[in-house]
Every structure is written in C-alpha cells, then in structure tokens.
Amino acid sequence: MSKAVAEVHQVTRKFGKTTAVNNVSFTIEKGSTVAILGPNGAGKTTIVSMMLGLIEPTEGYIHLFNKNPKHISVREKIGAMLQDVSVVDKLKVHEVIALFRSYYPSPLSMAELIALTGLEKKDLNKWADKLSGGQKRRVGFALALTGNPDLVFFDEPTVGLDITARRLFWEKVNALKAKGKTIIFTTHYLQEADDVAERIILFNRGEIIADGHPNAIKQQLAIRNVSFQSDDTEKAIQQLQSLPVVSRCYQKDERIYAVTEDTDAVLAALFKLDLNARNIAIEQGRLEEVFEYLTKQNEEALKNEQHYNAM
Amino acid sequence: MNSITMQCKVEVLRIFRNPYFVFWSLLMPIVFYFIFTNIVNTNVPDVELWQAHYLMSMTAFSVMGSAIMTFGIRMVQERTQGWSSFMKITPLPTWAYFTAKMFGQTVMHLFSVILIFVAGYLINGVSLTFTQWFFSGLWILVASLPFLAIGTLVGAMGKVETASGVSNILYLALAILGGMWFPIYIFPTFLQNLAEWLPSYHFGSGAWEIIRGNSPSLKSVLVLGGYLIGFMAISALVRRKQESM
C-alpha cells in the first residue's frame with residue numbers, strides 16, 4: 001500500500017476528436033496541497049472530474065485511496081467544490097447541510113462547519129438557491145467539508161470572488177492544511193498556486209508541462225531575457241528574431257523583449273546590429289511570464305480552432 | 001439507512017413547496033371538476049354517475065400531470081444546474097437518490113388523490129362504496145407508472161424550456177384525446193379509435209370501470225403495461241447513449 005492518496009496513471013481523455021487530457025500521470029501524497037494550474041481549456045476540470053469519478057478516462061486509470069473513485073468508501077473520504085453547481089431549490093441552507101450530514105458516517109457538526117467555512121448563521125435560514133454568489137460559494141465550501149473528508153477538491157474556487165472573499169477563502173484553506181487534509185485545487189491564477197500550494201502541476205493543452213515545488217518550477221522554467229527600448233521597434237524585432245540564440249521576441253509596454261538562454265550573445269548582437277537600443281535590462285524570466293505566454297498561445301490556438309470550425 | 005429516510009423527507013418537502021404543483025396538480029383539476037359538474041349543463045342522463053366519472057377523470061388528470069411534468073422537469077433542472085453530478089460524489093448511492101424521488105412522487109400522487117376525492121365529496125357529495133374509493137385510488141396510483149416512465153424521458157432532455165414545453169403539450173394532448181376532459185363518445189369515430197390506443201384513455205378507463213362496479217379491462221392493463229415497458233426501454237437507451245458521450 002502506497003502513501004499516495006491519489007494515483008493518476010497514464011490517463012487520456014478524448015471528447016470526440018479533441019483530446020482534453022493526454023497521457024497524464026502523477027501521484028499525490030497524503031497531506032499535501034497541490035495546485036493544478038493552467039490557462040482556460042488546459043484540461044484542469046477534465047482531470048478533476050475524472051479523479052472524482054464523474055467521467056471515465058478513455059485510457060489509463062485513476063485510484064483514490066487505492067480504489068476506484070466511484071467506490072462508496074472513497075466517496076466517504078472525499079469532498080468537493082465544483083464549478084457552476086447551484087444548490088437544489090426549495091430547501092433552506094440548514095436543511096441542505098442536514099441532508100448532507102446524513103450521507104456520511106462521521107460528519108462535522110454545524111458549529112464546526114460554520115467555524116471552518118465562514119458560513120454565517122443568518123444565511124442558514126435562507127433559501128439555498130436564492131443566495132448571492134459569495135454566499136453560495138460558502139455553502140458549497142461547507143458541503144464539501146460536511147463529511148470531514150481526508151481529501152478535498154476545489155475546482156476554480158475563487159473565480160468571481162472579490163479580493164476580500166478570496167483572501168478569506170485561502171485563509172480557511174490554510175486552516176484545513178494545518179489539520180492535515182490533502183487538498184487539490186485548480187486555478188488559472190498563478191499567484192494563488194504560488195501562495196497556497198507546495199506543489200504545482202502545470203497543465204497546458206491537456207499535458208503536464210511542469211510538476212514540482214513552485215520554486216523548482218520557476219527554476220525549471222527560468223528563461224532569461226534582454227529588454228530595451230528602440231525607435232524602430234519593428235526592425236529591432238525582425239532582426240533579433242532572426243538570431244538563432246533568440247527563442248522569441250515580443251513587444252510589451254513600449255519595451256522589446258528578447259527571450260534567450262544566452263544573454264551575452266544577445267547583448268553583443270544588439271550593439272553590432274546598431275539598433276539604437278536604450279535602457280537595456282537583463283531579467284531573470286519569471287513564472288508569470290511563462291504562464292502568460294502559455295495563456296496567450298492557448299487563446300490563439302482556441303481562436304484558430306473556432307475560426308476553423310466556423311468555416 | 002438514515003440518509004435514505006432523510007432524502008425521502010427532503011424530496012417530499014421540496015414538492016410541497018413548489019407552487020406549480022399546488023396550482024397544476026391540485027387547484028386546476030378541482031376547479032375543472034367544479035365547472036363541468038356544476039356550472040356547465042352537460043345534459044347527462046345519470047347525474048350522479050357523471051359526477052363520480054368526472055371525479056375519476058380529474059384525479060387521473062392531476063396524477064398524470066405530476067408524473068410527466070414535475071418529475072421530468074425536476075430531473076432536467078437538477079442535471080443542468082450541476083446538482084446531479086454533485087450528488088454522484090457523495091456516498092449516497094444513485095439508486096437511493098432515485099428511490100427517494102419515486103417515493104416523493106408517490107406521496108405527492110397519494111396526496112392529490114385524497115384531496116381531489118375529498119373535494120368531489122364536498123362539492124357534489126359523490127358517494128361510492130369503500131371498496132370503490134379504495135380501488136379507484138389504488139388504480140390511479142399504480143397505473144401512473146407509464147407516465148412516470150414518460151417523465152424520465154422528459155428528464156433526459158437538454159434544457160428546462162424544451163422539457164417544460166414538450167411535456168406541457170404532451171400532457172394536454174394526452175388528457176384531451178384520452179377523454180379526461182370530455183368523454184370520448186362525443187368525439188368523431190377516428191378520434192375514438194385513436195383514444196383506444198392511448199395510455200391516458202386506459203388510465204382513466206380503469207377508474208371509470210371501478211366506479212361502475214366493474215374491474216379494469218384486460219386491454220387497459222395490457223396497453224398500459226406495454227407503454228410502461230416501451231418507455232422504460234427507450235429511456236434506458238437514451239440514458240446509455242448520453243452516458244457514452
């Protein structure tokens with residue numbers, strides 16, 4: 001028996017001809033907090049839905065607690081907050097929670113749930129389907145924790161929340177971490193993954209492109225760039241792009257960025273080409289940048305696909 | 001076991017808190033009953049028989065409506081709002097979820113039957129023997145199964161709007177063509193022939209026979225049974241197709 005709480009083994013999921021998740025493998029250790037990070041359409045929700053047993057992998061398998069995720073004994077140990085779930089109508093918040101408490105062998109008490117989730121007492125007597133976005137999210141949070149789960153999933157938990165609500169949510173998640181719960185969440189906010197998780201699994205176009213501690217990922221993906229200002233932006237970009245050492249070149253906020261592994265060579269070229277470069281800077285590429293680049297690439301790919309489909 | 005009891009309780013609670021149920025399944029049939037047995041002069045030879053007959057029509061009309069509409073539309077709602085998937089990750093087994101829904105539905109049907117029967121007694125003093133009351137009520141509860149199967153088909157539809165549109169039309173068409181609003185002998189012959197093959201006609205017919213002191217005809221039982229099996233088979237096929245997507 002391994003200590004892994006979750007094991008994803010060579011999982012692929014296709015929807016028709018599109019491959020949402022492509023040959024993905026990872027295991028998750030007990031007590032860890034893992035962020036599944038990626039731009040929209042990267043396959044985050046698909047992998048979480050498969051881990052929860054809501055959809056079947058086309059190939060490969062997923063085990064939670066060494067069993068099929070659909071197993072009742074697994075469901076007793078997991079909780080989840082999914083995207084776009086409205087609570088059933090015609091029930092009050094406290095009734096929904098009471099209902100959920102009846103599903104689990106050792107549920108948390110109402111008082112514990114209130115303390116853990118920041119659910120407000122005055123919300124308990126409201127109709128569950130008539131709550132505001134933030135209140136609904138708190139109810140969803142409480143429902144995810146009702147069974148006192150060992151493993152908790154949050155799928156894009158902070159989308160649409162304001163900054164205060166977001167901060168509060170992560171505070172509560174940190175409290176859960178301290179209790180030794182295993183937490184898996186998806187997000188497309190890099191900052192959240194960096195702040196909360198001790199491991200980031202970076203997804204792009206259905207594949208894992210990096211997996212590790214946020215710092216390790218930053219190093220692994222560290223790319224450096226030379227940036228400067230120039231009067232003739234177009235010429236500068238064109239000429240730099242033709243250099244073999246430059247992997248890509250782009251303009252952002254009046255500055256031209258040349259991404260490279262060899263900043264010295266780029267500097268040398270910069271002077272030799274006589275591009276009138278001013279305010280030159282050498283930067284260690286940040287994870288944000290890599291992420292932004294991926295997101296942009298993905299959006300373009302999506303746009304192209306839509307264009308293609310429309311034809 | 002606690003969870004199933006709780007689930008049943010909650011389902012019943014939700015149905016009774018639904019104003020559409022109270023309006024369509026209770027108020028409408030009772031108002032119709034009042035109008036067609038008191039206000040409109042139907043010139044029937046046997047007034048007492050007509051009053052009992054039409055009471056059965058309206059009770060069957062009510063139960064058929066909640067079986068097709070409430071059940072089906074509810075299923076679509078719960079699916080489109082993500083609630084059905086959310087339930088799948090709880091330890092409550094799917095069969096328990098479904099059983100609770102059926103239980104809620106049955107309680108609701110029973111309640112409708114009792115209330116409309118009482119209304120018939122209060123409005124027109126309809127008097128039947130205990131056996132007739134009991135067996136006509138029981139018939140209406142049991143023979144509503146094919147309509148619940150139609151409800152599961154409605155429940156497989158993609159959007160709440162489509163589901164409610166389709167089920168409304170289906171419901172009213174079945175009610176009118178099956179002779180629940182007006183007896184089929186006033187229909188042209190071809191419509192009478194059509195009614196002989198509709199589940200709604202046989203649903204009503206069973207109860208109409210019981211209050212006349214007869215048993216439901218074998219044909220009624222066979223037609224309703226056939227529809228039940230047919231709709232369940234289609235429903236299972238649709239479900240399998242949707243799940244494989």
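In chain A, four strands form an open, antiparallel sheet in the order 11-12-10-13; here strands (E, at least two residues) and helices (H or I, at least four) are DSSP runs numbered from the N terminus, and two strands count as paired if DSSP finds at least two bridges between them. This is a predicted model, in which local features need pLDDT of at least 70 and side-chain atom pairs count only at pLDDT 80 or more, while totals for chains, interfaces and linings use all residues. Residues are numbered from 1 along each chain as its sequence is written, chains are lettered from A and ligands numbered from 1 in the order in which they are written, and side-chain values use heavy atoms, with hydrogens and water left out.

The edges of this sheet are strand 11 (246-252) and strand 13 (278-284) of chain A, each of which pairs on one side only. On average, neighbouring strands are turned by 20° against each other, direction ignored; axes are lines fitted to C-alpha atoms, for helices over the stretch in contact, and angles run from 0 to 180 degrees between N-to-C directions. Six bridges link strand 11 of chain A to strand 12 (residues 255-260) of chain A in the antiparallel sense, and within this pair Val246(A) has Thr260(A) of strand 12 as its bridge partner. Helices also pack on this sheet. Helix 9 (residues 233-241) of chain A touches strand 10 (224-229), strand 11 and strand 12 of chain A, and its direction makes about 165° with that of strand 11; contact here means heavy atoms within 4.5 Å. Helix 10 (residues 263-272) of chain A touches strand 10, strand 11, strand 12 and strand 13 of chain A, with a direction at about 25° to that of strand 10.

Chain A also holds an open sheet of three strands, ordered 2-1-4 and paired antiparallel. Strand 2 and strand 4 of chain A stand at its edges with a single partner strand each, so one side of each has no neighbour in the sheet. The twist from one strand to the next averages 15°. Strand 1 (residues 4-15) of chain A pairs with strand 2 (residues 18-29) of chain A over eight bridges, and Ala6(A) stands opposite Ile28(A) of strand 2. The hairpin of these two strands has two residues between them, and Gly16(A) takes a positive phi near 65° there. Strand 1 of chain A is also joined by five bridges to strand 4 (residues 59-64) of chain A. In this pairing, Val8(A) stands opposite Ile62(A), and the bridge partner of His9(A) is Tyr61(A). Helix 1 of chain A lies across strand 1, strand 2 and strand 4 of chain A, running at about 60° to strand 2.

Chain B, by contrast, has 11 helices and zero strands. Its radius of gyration, taken over C-alpha atoms, is 18 Å, close to the 18 Å that the globule rule gives for 245 residues, so chain B is as compact as a globular protein of that length; the rule is 2.2 Å times the number of residues to the power 0.38. Along its principal axes the C-alpha trace of chain B spans about 60 × 40 × 30 Å.

Grid points are joined across faces, edges and corners, and a volume is the space filled by probe spheres set on the points. The largest pocket has a volume of about 1,500 Å³. Of its 41 lining residues, the closest to its centre are Leu54(A), Ser84(B), Ser85(B), Lys88(B) and Glu243(B). Strand 1 and helix 1 (44-51) of chain A each supply at least two residues of this lining, as do helix 3, helix 4 (83-88), helix 5 and helix 11 (218-243) of chain B.

The second largest pocket holds about 470 Å³ of space. Helix 3 of chain B gives the most to its lining, with eight residues.

How values were computed. 1 Å grid on protein atoms, 1.4 Å probe; cavity = no way out; pocket = protein on both sides within 12 Å on 5 of 7 lines; lining within 4 Å.
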